[in-house]
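Here's a quick tour of a protein chain, from its overall layout down to a few strand partners. Have a look at the fold, then read on.

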Amino acid sequence: MSSQVRGGTRWKRFALVMVPSIAATAAVGVGLAQGALAASFSVSGQDFKVSAKELDGKDLIQYGGIAEGHDLKTGKAVHHPVTISGFSHAKITDMCQSLVTPTPLGAITLQLKTGHKGTPAEATNIYLDVAELDTDAEFTNLDIGVAVGDPSHKTKPQAGTVSSPYAFSQRADRAILRDVKQKAWATTAGTFKLPNLKLRLMGGDQPCYQDVKD
């Protein structure tokens with residue numbers, strides 16, 4: 001496959017939305033080997049799930065990185081390989097975010113819903129540290145294998161996450177992700193508007209979606 005694809009490119013159910021010619025985990029490994037760093041904050045000892053009907057993002061940049069944190073039970077330092085996806089602007093429809101926490105009295109689920117009444121959630125300068133992603137993806141003007149420090153990137157790498165400007169990345173003018181199901185360690189954004197926000201604390205294991213074995 002050519003490193004440049006002009007026009008719309010559709011990838012069906014592509015894990016991590018990375019390079020189609022190699023495994024997604026290998027692509028992350030390339031980024032790590034070329035000097036990816038952790039973000040400037042320590043992530044919690046729990047990942048969280050996010051689902052959405054659609055994410056429509058502009059000026060995608062995507063590269064491998066590490067989320068650094070501590071094990072929830074032992075407190076020991078841990079390092080989580082992630083794919084960092086950045087957008088200059090994104091609209092998210094029917095978004096659900098959930099975190100399940102075990103307690104002595106059983107699991108408790110913190111669940112957030114927004115963008116489900118006709119008005120999508122909107123974010124600017126948003127970065128997602130993703131460990132797993134299943135989605136139907138469509139890209140416009142996709143370039144694969146661009147140096148992460150290439151000055152033509154409209155969205156710059158997240159501060160503190162890249163040590164080498166020559167590390168692997170990919171970019172696209174636009175990325176549309178449908179039927180999104182992802183596990184993430186962190187999300188940061190310059191602004192994040194959450195219309196019709198609903199935040200609920202519920203008893204039991206009630207994530208936004210259930211894991212499905214391949």
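## Surface and interior

Accessible area here is what the Shrake-Rupley method gives with a 1.4 Å probe. On that basis, the protein chain exposes about 10,900 Å², and carbon and sulfur atoms supply 54% of that area. Keep in mind that this is a predicted model.

As for the inside, 43% of the chain's 214 residues count as buried, taking buried as under 20% relative accessible area.

## Overall layout

How many helices and strands does the protein chain have? There is 1 helix, along with 9 strands.

What about contacts along the chain? Take those between residues at least 6 apart in sequence: 82% of them join residues at least 24 apart.

## Around strand β4

Strand β4 covers residues 95–101 and pairs with strand β2, residues 48–70. The two run in the antiparallel sense, with 3 bridges.

## The hairpin turn

Which strands form a hairpin with 6 residues between them? That's β4 and β5. In the turn you'll find Gly106, which has a positive phi of about 115°.

Technical notes. Residues numbered from 1 in each chain as written. Predicted model: local features only at pLDDT ≥ 70, side-chain atom pairs only at ≥ 80, totals over all residues. Heavy atoms only, no water. Helix = DSSP H or I, 4+ residues; strand = E, 2+ residues; numbered from the N terminus. Buried < 20%, exposed > 50% of the residue type's maximum accessible area, 1.4 Å probe, protein only. Contact = heavy atoms within 4.5 Å. Pairing = 2+ DSSP bridges.
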